[in-house]
Each structure stands twice: as structure tokens, then as C-alpha cells.
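The sequence and the model are shown first, and a description in running text follows.

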Amino acid sequence: EALAAQDANVKNTAIGGLAGDYILDGTQNTIIGYSAGSALRGPTSGVSSGHALGNNCTFVGHAAGDNSLGSRNTVVGSEAFVSSGDAVDNTIIGYGAGNGITDGPGNVLIGKSAGGAMTEGDYNVAIGWAAADALTGASNDNICIGKNALGGTANATTSNIAIGTGTLEAAGYGGSGAIINMAIGHAAGESITTGSSNVLIGHQA
């Protein structure tokens with residue numbers, strides 16, 4: 001049953017079986033989809049980044065934001081953002097996008113599986129099919145646009161700009177993480193693993 005536990009004094013809209021079914025005092029949430037927003041509770045669940053949790057979220061899609069406790073998250077996509085814990089201020093669009101985030105704030109992830117393995121990364125932008133889909137650890141302030149851009153990265157990497165299919169695809173793979181690189185062009189910087197402060201422009205640069 002949708003909104004099965006909510007207090008009558010809060011303002012939420014939910015459509016779908018088990019949608020928002022644990023909300024107690026969270027408010028101004030819009031939830032559409034089976035089991036979407038199922039873990040949202042409200043301010044009683046805690047505080048993150050100085051703000052009460054469980055308010056002002058929009059979840060659309062089967063199990064979207066299923067385990068989210070956070071606030072001000074906008075999620076559209078089946079099984080997107082499912083492990084999000086108390087993460088706040090994220091915008092997630094696409095099947096399975098951002099489904100490993102636990103406490104990272106301020107990420108924008110658009111595309112199937114975009115940022116799919118991201119856990120605690122902050123303020124990353126990933127747009128494209130599987131963009132940054134393997135990014136893990138404290139990976140912050142990255143911008144990647146394109147299919148598989150930063151897509152093979154497994155270790156923490158920070159402050160990279162990757163634009164184009166497969167750009168910086170191995171950054172951080174097997175190492176401590178490449179940082180502060182800019183690659184623009186199809187497969188530009190695809191072999192970089194731990195380098196830093198590189199500028200690569202052009203096809204396979």
C-alpha cells in the first residue's frame with residue numbers, strides 16, 4: 001500500500017504498490033512506481049548536510065530510490081538510485097543510474113547505468129550510456145559526457161573532464177586514480193591510468 005505509514009499532517013503524493021510506504025513525517029515528496037521511495041521516512045530518520053532527511057524528493061520508476069533516506073533528490077528510471085542512503089541533492093535519470101550511491105551529494109547522472117557503481121562521490125556530472133559507470137570511492141568533481149566516458153574507472157579519481165566516447169576510460173584503473181585531466185575526442189586518453197594534469201584533444205589523443 002502506498003504511503004501506508006505517513007502522518008496525516010504531511011503532503012506527499014504516491015502511486016504504486018509500496019511506493020513511499022515507510023514515510024512517517026517526510027513531506028513534499030512525489031513518488032510513482034512499485035516500491036519507489038520505499039525507505040523514505042522523514043526528519044525522524046536524521047540530518048544530512050544540515051538538512052532534515054526525507055523531504056522534497058521526486059522518484060519515478062520501478063524501485064526508483066528504493067532505499068533512499070535523503071532529501072531533494074530527483075530520480076527518473078527503473079532501479080535507479082536504489083542504494084542511496086542519506087545522499088542529498090542528486091539528479092539521476094536512466095535505468096540503473098546512480099544505483100550504488102550511499103552518501104554522495106550533488107551528482108548529476110544521466111543515461112543507462114551512468115555512475116552505476118559510484119558510492120560516495122560528490123558533485124560529479126556523468127551524461128551518456130554507462131558514463132562513469134565503474135567510478136568508486138571518493139571520486140569528486142568529475143565531468144564526463146559520452147558513451148563510456150570515464151566508464152572503466154575503478155578507483156577514486158578527481159577533477160577530470162572527459163568528453164567523447166571512451167574518453168579517459170581507464171583513468172584510475174588499477175592505480176590510485178588519475179586527477180585533473182582533460183580529454184576531448186573519441187577515445188582520447190583511453191590508456192591513462194594514474195597520470196595527472198594532462199590535456200588531450202583529438203581522436204585517440
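Predicted model: local features only at pLDDT ≥ 70, side-chain atom pairs only at ≥ 80, totals over all residues.

**A nonpolar patch on the surface**

Ile163 is one of the residues of a nonpolar surface patch, which also includes Ile127, Ile143, Ile145 and Ile161. Together these residues have about 320 Å² of accessible area. Two elements give two or more residues to the nonpolar patch: strand S10 (143-145) and strand S11 (161-163).

**The nonpolar core**

In soluble globular proteins, nonpolar side chains tend to be buried together. The largest nonpolar core of this model has 35 residues. Those with the most contacts inside this core are Ile31, Phe59, Ile92 and Cys144. Leaving aside residues up to four places away in sequence, Ile92 touches Thr74, Val75, Val76, Ala80, Phe81, Ala97, Gly98, Ile101, Asn107 and Leu109.

One of the residues touched by Ile92 is Ala97, which is found in the loop between S7 and strand S8 (108-110). Ala97 has a relative accessible area of 0% and so counts as buried. Apart from residues up to four places away in sequence, Ala97 touches Ala80, Phe81, Ile92, Leu109, Gly111, Ser113 and Ala114. The C-alpha atoms of Ala97 and Ala117 are 8.7 Å apart in space, while the two residues are 20 residues apart in sequence.

How many salt bridges are counted in the model? The count comes to 1 salt bridge. Arg72 pairs with Asp89, and their closest N and O atoms are 2.6 Å apart. The pair links distant parts of the chain, the two residues being 17 residues apart. Arg72 sits in the loop between strand S5 (58-60) and strand S6 (74-76), whereas Asp89 sits in the loop between S6 and strand S7 (91-93). Side chains of opposite charge can pair when their charged atoms come close. Both partners are partly exposed: Arg72 has a relative accessible area of 26%, and Asp89 has one of 36%.

Ser71 also lies in the loop between S5 and S6. Its relative accessibility is 1%, so Ser71 counts as buried. The side chain of Ser71 reaches the backbone nitrogen of Asn55 at 3.0 Å.

**Further loop residues**

Ser35 is placed in the loop between strand S2 (30-32) and strand S3 (47-48). Its neighbours within four places in sequence aside, Ser35 is in contact with Gly17, Leu18, Ala19, Ala63 and Asp66. One of these contacts, Leu18, is placed in the loop between strand S1 (13-15) and S2. Leu18 has a positive phi of about 65 degrees although it is not a glycine. Tyr123, in the loop between S8 and strand S9 (125-127), is likewise not a glycine and has a positive phi of about 55 degrees.

Thr158 is found in the loop between S10 and S11. Residues up to four places away in sequence not counted, Thr158 touches Ala138, Ser139, Asn140, Asn142, Ala178, Ile179 and Ile180. The C-alpha atoms of Thr158 and Ser113 are separated by 20 Å, and these residues are 45 residues apart along the chain.

Ser196 is found in the loop between strand S12 (182-184) and strand S13 (199-201). With residues up to four places away in sequence left out, Ser196 touches Ile179, Ile180 and Asn181. Ser196 and Thr102 are 94 residues apart in sequence and 27 Å apart in space, C-alpha to C-alpha.

| Residue | Relative accessible area | Class |
|---|---|---|
| Ser35 | 11% | buried |
| Leu18 | 30% | partly exposed |
| Thr158 | 23% | partly exposed |
| Ser196 | 38% | partly exposed |

Note on methods: Residues numbered from 1 in each chain as written. Heavy atoms only, no water. Patch = residues over 30% accessible without salt bridge, like charges linked within 9 Å, V, L, I, M, F, W, Y side chains within 5 Å. Areas by Shrake-Rupley, 256 points an atom, 1.4 Å probe, with all protein chains shown as cover. Salt bridge = Lys/Arg side-chain N within 4 Å of Asp/Glu carboxyl O. Helix = DSSP H or I, 4+ residues; strand = E, 2+ residues; numbered from the N terminus. Buried < 20%, exposed > 50% of the residue type's maximum accessible area, 1.4 Å probe, protein only. Core = buried A, V, L, I, M, F, W, Y, C linked by side-chain atoms within 4.5 Å. Contact = heavy atoms within 4.5 Å. Polar contact = N/O pair within 3.5 Å; in protein donor to acceptor, adjacent residues only side chain to side chain.
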